[in-house]
Structures are given as C-alpha cells and as structure tokens.
Amino acid sequence: MEEKSKNIDLNKDIAEKGDRFLMHTYSRLDVVFNKAKMQYLWDAEGKKYTDFTSGYGCLNVGHSNPDIIKALKEQIGRIIQPSNIFYNIPQVELAGELCRISGFGEKVFFANSGAEAVEGAIKLARKYSTDKYGKKRYEIITFNNSFHGRTLGALAATAQVKKQNMFEPLLSGFKYSDINDIESVKKKIDDNTCAVIIELIQGEGGINVCKKEFIAELKKLCEKNEILLIIDEIQTGFSRTGSIFAYQQYDVIPDIIVVAKSLGGGMPIGAVISTDKICSAFTPGTHGSTFGGNAASCSAGVAVIKYLLEKNLAGRAEILGKYLTEKLKMLQAKYQIVLEVRGMGLMLAIEFKKPIASALIKSALESGLVLNKVSESTIRFLPSLVINKKDIDFLIRFLDKYIKEEDKK
Ligand SMILES: Cc1ncc(COP(=O)(O)O)c(C=O)c1O
C-alpha cells in the first residue's frame, strides 16, 4: 500500500478528483500548486516554477509575501468579520489609505471581488445621476473588447459578444464604443448617458493600450456633458503599470475608480473609490455586502499598500517592464512569427502570427514557467512586481528556443 501511494502522481490524482467534483468553468491544466513564495510556485510533486501570471494579476507583492502573512495572522487572531453595522479598524485604515494614494478619492465602498466592485460603481453612477438629472439618465458607455467581470451587470459592461451571448437578456442600458476612437464615443452619448467605464489598458481583451490623447479627449467630453468617468483599475492598479494607478500616467482625474485583485495580496477584496459629492448618493440601505470590508482582507490590503510604497514597486515595474519589453522586442526582430509586443510596466503581451499560445504554455510548464494567454495567438505577462532580471532572462531563454522552432515550421 505504501509502495503504491509513492508511485501516485499527486498532480494527476488531484486533477482527476477536481475534474469530477468541480464545475467545468475553466480549462485547467494538470498541475496542482501546493506551495508558493513571492514569484515562485511549487507543484504537488515538489517541482519549482517561475510565475509570470501572479494568479491573474492578483499578486503584485508576490505569493504569500511574509509581510502580508504577518499582518493577516495578527488580524485573524483578533477579529475576522465584525459586520458592517459596526466600524472595524483595518477597514477604516484601508479606506483612508486608498483615498490618500488615489489622490482624488474621499470615500470607499468595500466589496469582495472585481465584478462586485464594478456592480457597486454601476449602481453608484446610476443613483447619483438619476437623483440629479431624472429617471432616464442611467445609460453607460463601455468599450469593445473590455472586461469588467462575469456577474450580470458587469457582464453587460463587458463588451465581448462571446462572453455575453449565452446569458441574455443582460442588464439593459449599455452602449459600446471603441478605444482610441473619440468619434465612436461621441456617437453614443445622449441626454440619458450617465457614465463611461474604461480600462486604460484592456487586460483580458488582449493588452490593448489607450492613447493619452484619447483619454484626455474622453475626459473633456465627459466634463462637457456632465458624465461620470469610471476607470477600472482592477488589473492595472497597485503599481502594475509603473505608477500606483494607471490614470496617474494619463494626467486625468477620474470620478470613480474600481479596484480589486492585487489590493488583497491574495485575499479576496474589491473597492469603489469616489468623491464625497458622488458618494452622497449612497445612503443607508442603498447598497451593501456582508463580507465587503472584512477585517482580515482589509488588514492584508493595508499591508499591501505599505509594502508596495516602501519597496517602490511602481519604479520596479517601470524598470523591469522596460527590460522585459526590450528582450521581447529583440525576439520580434529575430523571428518572423512574432507580430507585436505591447503593454505598459509589467503588464505586457507578445502576439504571434499563428495560434501557438496553448502549445507554448504547455511547453513552458514543462520547463518550469507559468504563462497565460489572452487569445490563441497572444501570451500575456503579469508577473509579481518582485521578479528580477534573472527570472526574466530565464523566460526569454525559453521563449527564444520555443519561437525559433515555431519560426522554422
Ligand atoms: C479589468 C477587470 N475588471 C474586472 C474584473 C473582474 O474581477 P473579478 O474576477 O475579481 O470579479 C477583471 C478580472 O480579470 C478585470 O481584469
């Protein structure tokens, strides 16, 4: 019996059980990660991997960062879930910190995920606008290829037919424009428009970067028509692009931002941040969330902000992002098969002329690298911001070898 258990491949064994008991909403690979530290992961068999996905961009400060663990341990030993009819210390502290680092925020609503934060922002924008301008002013403009989440309101904001069309009817009141095309926005605006929701770099949609001139024009258009500008910083936030929030590089002040992912350092949390004036639309009973602002998640959030400021992770993302971009562009210059390298900071993508992403990811896993695709021809890089040049060189050596073979075919 002992002999037999020694021969079981733990990754395969757990994957088989998972396949049986979990809903098949993801195409999972047969690897089970069982240990993590900063930018590294170990599978159930003890094999080490360098992670260039950081849990879908949730771990800017690294996996199981010791500072976050320390803060969490202290908090869960004291109180985890005091309930939102009372104040709790880490929640109040985190709200203050978010307002401070946002530079414009005056109030925060806490949720548990990105989608829930987006739902909160949709409700806040609608309530503020209908209170001020009348019942018809509830329409929101979002952008083709955007991603704002899977709940029905956030899905209506997510302008991707292939994700939406199985779940109609969606929440009504959404219109879709194109990024970097201000005329397409002007065409959709009317007296019923209350807000625009935009990612400055579309993450799930393929790492599509908004141009600075476009965002400046969009802000002007919003101001002129008294439309709220909501920026989705769920993937771009917390130093990922080379500044704490991406909008800080666009010289634009939003009316509302939504954040989640890396705020929790691995713990589930989301937040809506806005001004006193706009937030006055939310009065007791208008919105809520049982676990939103949970003391444990908020204590992690406070530790995350402290860590990323102390270690200047934004500066690191900028420098290492340039290094990785340079190396990827060298591959582009060397191999015909590479179509484009794009992104900002450590939110980057390489697009190929052929659909090789799935096979590349499998081969990378065998070589001890965790990668992620945003389409069959595009690999996205969202590593922890604590990675170093050696990690990047390891990735580039793998890509160079793999692409060289593909280029010959
Ligand atoms: C820009 C953006 N908004 C919203 C979401 C939804 O976040 P969550 O998966 O936490 O609901 C995501 C998730 O990938 C995202 O990238």
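First, some ground rules. This is a predicted model, so local features are taken where pLDDT is at least 70 and side-chain atom pairs count only at pLDDT 80 or more, while totals for chains, interfaces and linings use all residues. Residues are numbered from 1 along each chain as its sequence is written.

Start with the overall layout. The protein chain is assigned domain 1 (2-60 + 313-408) and domain 2 (66-310), with bounds that come from an automatic or database domain assignment. Their C-alpha centres sit 27 Å apart. Where they touch, 23 residues come from domain 1 and 20 residues from domain 2; contact here means C-beta atoms, placed from the backbone, within 7 Å. On the domain 1 side, the elements that give two or more residues are α3 (54-57), α13 (313-334), β13 (338-344), β14 (347-352), β16 (372-375) and β17 (378-381). Helices (H or I, at least four residues) and strands (E, at least two) are DSSP runs, numbered from the N terminus. Of these elements, α13 gives the most, with five residues. By type, this side of domain 1 splits into 12 nonpolar, eight polar and three charged residues. For that count, Ala, Val, Leu, Ile, Met, Phe, Trp, Tyr, Cys and Pro are nonpolar, Asp, Glu, Lys and Arg are charged, and the others, Gly among them, are polar.

Now go inside. The largest nonpolar core has 113 residues, and Ala125, Ile230 and Ala271 have the most contacts within it. Such a core is a set of buried Ala, Val, Leu, Ile, Met, Phe, Trp, Tyr and Cys residues joined through C-beta atoms within 7 Å. Buried means 20 or more other C-beta atoms within 10 Å of the residue's own, exposed means 12 or fewer, and partly exposed is in between, with C-beta atoms placed from the backbone. Helix α12 (residues 295-310) gives the most to this core, with 10 residues. Both domain 1 and domain 2 supply at least three residues each to this core.

Leaving aside neighbours within four places in sequence, Ala271 is in contact with Leu98, Val108, Phe109, Phe110, Ala111, Ala117, Val259 and Leu263. Its strand, β12 (residues 270-274), has five of five residues buried, so the strand is largely enclosed by the rest of the structure. In a regular strand the side chains alternate between the two faces of the sheet. In β12, Gly270, Val272 and Ser274 are buried on one side, and Ala271 and Ile273 are buried on the other.

What flanks this strand? Strand β4 (residues 107-111) pairs with β12 in the antiparallel sense over five bridges, with Phe109 bridged to Val272. Strand β11 (residues 256-259) also runs antiparallel to β12, joined by four bridges, and here Ile256 is partnered with Ser274. Two strands count as paired if DSSP finds at least two bridges between them.

Ile278 counts as buried because it has 20 C-beta neighbours inside 10 Å.

On to the ligand. The shell around the ligand has 15 residues, and Ser113, Gly114, Ala115, Gly149 and Ile234 come nearest; a residue is near a molecule if its C-beta atom, placed from the backbone, lies within 6 Å of it. Helix α6 (residues 114-133) gives the most to this shell, with three residues. The shell divides into six nonpolar, six polar and three charged residues.

Most residues other than glycine have a negative phi, and most peptide bonds are trans. The peptide bond from Glu168 to Pro169, however, is cis, with omega near 5°, and Pro169 lies in the loop between α8 (161-164) and β6 (174-177). Tyr56 has a positive phi near 60° and sits in helix α3. Asp251 has a positive phi near 55°; with 10 C-beta neighbours inside 10 Å, Asp251 counts as exposed. Met38 has a positive phi of about 50° in the turn of the hairpin formed by β1 and β2.

Conventions
Contact = placed C-beta atoms within 7 Å.
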